[in-house]
Amino acid sequence: MKAHIVVLPGDGIGPEVTNAAQQVLDKVSSQFGHDFQMDEHLMGGVSIDQYGVALTDETLADCLDADAVLLGAVGGLKWDDPNAKVRPEQGLLTLRKEMGLFANLRPVSTHPKLQESSPLKNDRLKDVDILVVRELTGGIYYGEPSCRSIDQDGKMRAVDSMVYWDYEVKRIVQLACNLARDRQCKVTSVDKANILESSRLWRQIASDVANDHPLISFNHLLVDAAAMHLITKPSNFDVLVTSNMFGDILTDEASVLTGSMGNLPSASVGDSGPGLYEPIHGSAPDIAGKGIANPIGMILSAALLLRHSLQLEQEAICIETAVSLALDDGCRTIDLQEENALSTQQMTKAIISRLEKNIT
Ligand code: NAD
């Protein structure tokens with residue numbers, strides 16, 4: 001298969017983990033006889049430094065024209081001035097909106113050999129297999145007005161708006177129900193309907209969608225209770241569908257179940273067109289440039305790219321199996337284990353060598 005993949009390494013550890021995923025994709029393409037054309041562009045802080053904007057029109061056009069986009073992470077202290085007019089995250093938000101990526105799929109499952117890397121008790125980590133379906137192009141990250149003002153006495157005020165349209169809720173909950181059909185047929189919709197009007201609309205529409213899916217066991221949960229249940233009884237969840245901000249926060253929390261934030265991949269998809277694949281973590285400025293970042297979330301994102309955008313299921317499974325085998329054999333980066341930790345490159349090599357064995 002011939003495929004055009006746009007690669008946006010971004011900032012901080014973004015280029016380090018993206019390079020790891022590219023090595024894995026190169027190996028897959030040579031082993032399976034594919035031709036992946038990978039074009040790199042600047043995005044985020046590095047793009048601001050070079051072009052004055054976080055995402056140029058040319059980069060956006062190339063992404064829209066591609067079969068899939070692979071993204072590292074954006075942001076960092078250098079661009080963190082709260083008064084800055086141009087910010088790295090603007091590139092990400094524009095990309096998601098312009099590509100129509102309304103759904104962010106975040107699989108969270110625990111590896112039996114990584115239980116010691118999680119601060120939670122082992123018995124809570126058994127049989128955890130959750131798919132978080134996060135709404136990605138609505139809610140408080142996009143709502144207007146979003147502004148600051150200062151009154152005559154010098155008192156400052158800031159406003160963000162959590163806005164949801166009925167069709168935005170309908171399509172994401174529908175997708176969650178469809179995905180649940182191939183899993184345990186359980187969907188939990190998470191909101192804050194006791195307080196927020198936007199959540200009350202969310203709950204109303206979600207209930208309507210659930211009525212059209214009688215085979216799905218559907219329930220509603222307030223976000224505060226969901227935060228607790230995620231660490232007290234995580235194996236009770238199957239598909240969890242929620243809004244943009246709640247999904248962002250809950251998946252960082254859920255990553256603790258797996259031992260590290262560095263382990264989790266994500267796929268952002270829309271109705272049609274290219275998908276965007278990125279780990280859930282940020283640019284980790286505290287470890288950037290040290291060559292110690294965990295590449296697993298990024299490598300598993302490449303597997304999701306093969307599965308969802310290129311329909312290469314067998315190749316995706318080969319990558320996932322190679323990651324699992326490396327963990328079985330005790331390969332760990334420093335976020336998972338301090339002693340005898342592997343560098344990013346050593347971990348990548350460990351995964352690639354198991355990929356080769358797996359295929360031949
Ligand atoms: P972060 O995810 O970058 O890091 C949180 C902690 O997890 C840090 O201690 C970091 O070292 C560790 N960590 C993250 N990924 C890791 C990996 N692959 N291997 C080992 N350790 C890892 O979150 P943050 O520190 O809150 O944010 C840093 C910057 O990233 C900010 O500028 C933020 O805006 C940005 N950010 C970007 C994205 C994105 O690009 N999608 C997402 C979240 C945060």
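Visitor: Why is Ser118 called buried?

Guide: Ser118 has a relative accessible area of 7%, and buried means under 20% relative accessible area, exposed over 50% and partly exposed in between, worked out with a 1.4 Å probe on protein chains only, so Ser118 counts as buried. This is a predicted model, in which local features need pLDDT of at least 70 and side-chain atom pairs count only at pLDDT 80 or more, whereas totals for chains, interfaces and linings use all residues. Residues are numbered from 1 along each chain as its sequence is written, and side-chain values use heavy atoms, with hydrogens and water left out.

Visitor: What is Ser118 in contact with, leaving aside its neighbours within four places in sequence?

Guide: Contact means heavy atoms within 4.5 Å, and by that rule Ser118 touches Leu125, Val256, Leu257 and Gly259.

Visitor: What makes the pair of Tyr164 and Trp202 edge-to-face?

Guide: The structure holds two aromatic pairs. In the pair of Tyr164 and Trp202 the ring centres are 5.3 Å apart and the planes stand at 70°. Rings of Phe, Tyr and Trp (its six-membered ring) pair if their centres lie within 6.5 Å, and planes under 30 degrees apart count as stacked, over 60 as edge-to-face and the rest as tilted, so the angle of 70° makes this pair edge-to-face.

Visitor: How do you know that Tyr164 and Trp202 are buried rather than exposed?

Guide: Tyr164 has 8% relative accessibility and Trp202 has a relative accessible area of 2%, so by the cut-off already given both residues are buried.

Visitor: Why is the pair of Trp165 and Tyr167 called tilted?

Guide: Trp165 and Tyr167 lie 6.5 Å centre to centre, with 35° between the planes, and this angle belongs to neither the stacked nor the edge-to-face range, so the pair is tilted. Trp165 is exposed, at 51%, while Tyr167, at 45%, is partly exposed.

Visitor: How do you know that the charged end of Lys97 sits over the ring of Tyr142?

Guide: A charge sits over a ring if NZ of Lys or CZ of Arg is within 6 Å of the ring centre and within 35 degrees of the ring normal. The charged end of Lys97 is 4.7 Å from the centre of the Tyr142 ring and is counted as sitting over it.
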